[in-house]
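These are my notebook entries on a structure I had not examined before. I set down what I looked up, entry by entry.

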Amino acid sequence: MKKRLMMWSVLLLLLVTPQLGHAMHIMEGFLPLKWAIVWAVLSLPFLIAGFKKLSKGLKPEQKMFLGLVGGFAFVLSALKIPSVTGSCSHPTGVGLGAIMFGPTTMTVIGTIVLLFQSLLLAHGGITTLGANVFSMAVVGPLVSFWIYKSLKNKNRGLAVFLAAALGDLATYIITSIQLSIAFPDAAGGFFTSLTKFISIFAVTQLPLAIVEGIITLMVFNLIAEYKKEGVIELEESI
Amino acid sequence: MLLIDKYAYTNKIRCYSPQAKILLACGTIIISRIINNYYFDLLIIILMSVLIVGIAKIPCKAYFKMLLIPLSFLLVSIVAIVISVNDVNYIYCFKLINSYIGITYESFNTGAKLFTTVLSSLTSVYFLILTTPIIDIIKVLKKLKVPSLFIELMVLIYRSIFIFIEEANNIHMAQTMKFGYENKRNSLKSISLLIRNLFLRIFIKHNEMNISLECKLYDGEFKLGD
Amino acid sequence: MLKINNLYYKYEDGTNALNNINIDTYKGKVIGIIGANGSGKSTLFLNIMGILRPSKGEVIYNDTSLKYDKKYLREYRKQVNIVFQNPDQQLFYSNVFDDIAFSLRNLDVAEDIIKEKVFKALEKVGGLDLVNKPVHFLSYGQKKRIAIAGVLVMDSKVLLLDEPTSGLDPYMTKQMKEIINEISKDKTIIISSHDMDLIYDICDYIYILSKGNIIGQGEKELIFTEDKLIEEARLVKPWLVRIHQKFDLPLFKNEEEFNLYKGKGIL
């Protein structure tokens, strides 16, 4: 009998997953106004802190640099990467960005990139910007950066992979939490809802996290080659 | 790639006041939430669609295609919200081993309301982004006293996006000609190379552009005028 | 007004990029700098603009040697400016008007004067219809024209043009030639190009650069007949020079003269 349950769940999820190949942006209008505001308010202090840090330490020639980083992050998140389930996914860029440029910078740049994603790709939303910023521009980069920093001296490759993969997972868990708070299950409340969302999204988000982890590691190694030859100077956190 | 951007510049109401368009879009989103009524949502959906297709003359087919993508995500999420396990008052359910999985009246209502709410917000946003170029939106944000560093970054990032899109397309095409995406393993390798090259471009372009900035008497600010 | 005296420039790894360069812009209205790839043309331009500092020798403008403090360079670049080969590295805004206005806004010029100057510059490059277009919608040739307009707007006295026609189709090249002829009426132009016919057509005086050295200089009619020099510099002769040398045609100054010729010539 357990087999039957498995089969049904897998079937249902397979039906559902091609659509979920996209990264975890909450779409426009999805969150009730109350929660949209709550998350916006919660991410605001991080944004302001990142902003203050940036404007204090920013040299005039670095403005253009940040502009280019933002353009890069946007295009990165619009690329199609192969996914295990066959459908296409888009990387979040959270891991690579956080490792290369630091979490506070990525909060500001990430916010602008998210804004552009909603304005240029209709990916995510303006009312849900606060929630998406919290999951993808605050928590994600922080998790990635912290993991990278703690592990980089022990095993750099593993550090990069875990930073990217777990950063992605953290983003997806936060998004699931945001959705569960807004839409608690009628019977089981928040936790049942959370289980529902996490399991439904897991099918695409887990493979995506792993693939993005692998790709981030490969890119990092390629960049390290160039860094060794002194071709570029990297400031690991502005 | 950026179809929405192209329409924003070529639609028939591009030159109308961006403030009015932003007000209309944001206003309807907020009001429809406050009123929270199916019929109002439907009204907005129809109104916005008429404005987009009828007045701004965005091609109907393109518009529907654009709606389809978020729609599928929406339906799937609604399924997650609507289905519950072992609840009471099911209007429809089926038994799976020892549990009942089904839809209650409340959850159905929630799902249906969510559907119309999202669709009305979505169409409002589409109205805004399909008829208003980003640069106009940025200028309105500037008038609303958004911090100037933020505005400058938006201008620079917007320009950089197109530089990188072109680069990414060129690299991708060249790689495809060399069979870079024939199988999964090659695809991973090729995309990593692509990303690495884009990353390096940041530094190369940074150096080049800084030279130009110096010649253009850059004093630290990217001004926008009035 | 612009002079280069005994200029040497060394790269960071020690290789000599430029050796004993002497240039005098009084020699002509449109000065051409020609040479093979890697001969040092771009490095020379960057030295002139004060982006790079010579290891020896000096750049002299209006009888004053170039100073490298911010204030001096700012004033200097109001008078002497450059249009780079790659338009993308000089376009910062997504809106054509804002991009052209950039340098004027940096000088705190009033908005109404900015408007006037921007439209004047656009007119000079034949780009008035592009004013409200987003930059990323422009073709390569259009971008090149906007890049020029963005510098024209500063009304400098000396303008450096780095490969202005590279990548342009024949029609656009002709248009660019006309634009350069137009702007040379009130400016001194220093132009580098691989297009020998363009150089021959619009320049008055030419310097030949080879491996960082000036191996020859002179008026255009004289310099291009120096076969050995042209060969050493790995260049070719303009077609007007070649037909003059091969057939018995006079040496025409430009294509118009050639078209008007009704004499005997080959046949």
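Before reading any helix content, I noted that helices here are DSSP runs of type H or I with at least four residues, while strands are runs of type E with at least two. I also recorded at the outset that this is a predicted model.

**Entry 1: chain A, annotated spans**

I began with the record for chain A. In an unreviewed entry, UniProt lists "transmembrane region" for residues 33–51, 63–81, 93–116, 128–148, 160–182 and 194–220 of chain A. I looked up two of these spans in the model. Residues 93–116 of chain A are 92% helix and 0% strand, and their end C-alpha atoms are 15 Å apart. Residues 128–148 of chain A are 95% helix and 0% strand, with 29 Å between the end C-alpha atoms.

**Entry 2: chain A as a whole**

Next I asked how many helices and strands the secondary structure of chain A comes to. I found 8 helices and 2 strands. Read from the N terminus, the order of elements in chain A is α-α-α-β-β-α-α-α-α-α. Chain A has 238 residues, and 60% of them are buried. Of the contacts in chain A with a separation of 6 or more, 73% are between residues 24 or more positions apart. I noted an accessible surface of about 9,500 Å² for chain A, with 71% of it belonging to carbon and sulfur atoms.

**Entry 3: where chain A meets chain B**

I then turned to the contact between chain B and chain A. This contact takes 70 residues from chain B and 74 residues from chain A. The two chains bury about 6,900 Å² between them, and 85% of that area is on carbon and sulfur atoms. How many salt bridges are counted between chain B and chain A? I found 1. Lys63(A) forms a salt bridge with Glu152(B), and their closest N and O atoms are 2.9 Å apart.

**Entry 4: salt bridges and a network**

Over all chains, I recorded 18 salt bridges in the structure. I looked up Asp98(C) and Lys139(B), whose side chains meet in a salt bridge at 3.2 Å, N to O. Asp98(C) belongs to helix H3 (residues 96–106) of chain C and Lys139(B) to helix H6 (residues 134–143) of chain B, so this pair joins two chains. Is Asp98(C) buried or exposed? Asp98(C) is buried, at a relative accessible area of 1%, whereas Lys139(B) is partly exposed at 27%.

I followed this with Arg105(C) and Glu111(C), whose side chains form a salt bridge at 3.0 Å, N to O. Arg105(C) is buried, with a relative accessible area of 6%, and Glu111(C) is partly exposed, with 27%. Through salt bridges that share partners, Lys139(B), Asp98(C), Arg105(C) and Glu111(C) are joined into one network.

**Entry 5: a salt bridge within chain B**

I also examined Glu167(B) and Arg201(B), whose side chains meet in a salt bridge at 2.4 Å, N to O. Glu167(B) lies in helix H7 (residues 148–177) and Arg201(B) in helix H8 (residues 184–215) of chain B, so the pair ties together parts that are 34 residues apart in sequence. Glu167(B) counts as buried because its relative accessibility is 15%, which is under the 20% limit. Arg201(B) counts as partly exposed, at 28% relative accessibility.

**Entry 6: two further sites on chain B**

I looked for a nonpolar patch on the surface and found one formed by Ile30(B), Ile31(B), Ile34(B) and Ile35(B), with about 370 Å² of accessible area together. Ile31(B) sits in helix H2 (residues 18–35) of chain B and is partly exposed, with a relative accessible area of 42%.

Which residues does Val53(B) contact, leaving aside its neighbours within four places in sequence? They are Ile58(B), Cys60(B) and Tyr63(B). Val53(B) and Ser72(B) are 19 residues apart in sequence, and their C-alpha atoms are 22 Å apart in space.

**Entry 7: chain C, annotated domain**

Lastly, I consulted the record for chain C. The UniProt annotation "domain: ABC transporter", from an unreviewed entry, covers residues 2–236 of chain C. In the model, this span is 37% helix and 25% strand, and its end C-alpha atoms lie 28 Å apart.

How values were computed: Residues are numbered from 1 along each chain as its sequence is written. Chains are lettered from A and ligands numbered from 1 in the order in which they are written. This is a predicted model: local features need pLDDT of at least 70, side-chain atom pairs count only at pLDDT 80 or more; totals for chains, interfaces and linings use all residues. Side-chain values use heavy atoms; hydrogens and water are left out. Patches are made of residues with over 30% relative accessible area and no salt bridge: like charges are joined within 9 Å, nonpolar side chains (Val, Leu, Ile, Met, Phe, Trp, Tyr) within 5 Å. Accessible areas come from the Shrake-Rupley method with a 1.4 Å probe; for residues, only the protein chains shown count as cover. A salt bridge is a side-chain nitrogen of Lys or Arg within 4 Å of a carboxyl oxygen of Asp or Glu. Buried means under 20% relative accessible area, exposed over 50%, partly exposed in between (1.4 Å probe, protein chains only). UniProt positions are given in the numbering used here, feature names are shortened, and annotations may be inferred rather than shown by experiment. Contact means heavy atoms within 4.5 Å. Buried area is the accessible area (1.4 Å probe) that two parts lose on being put together, summed over both.
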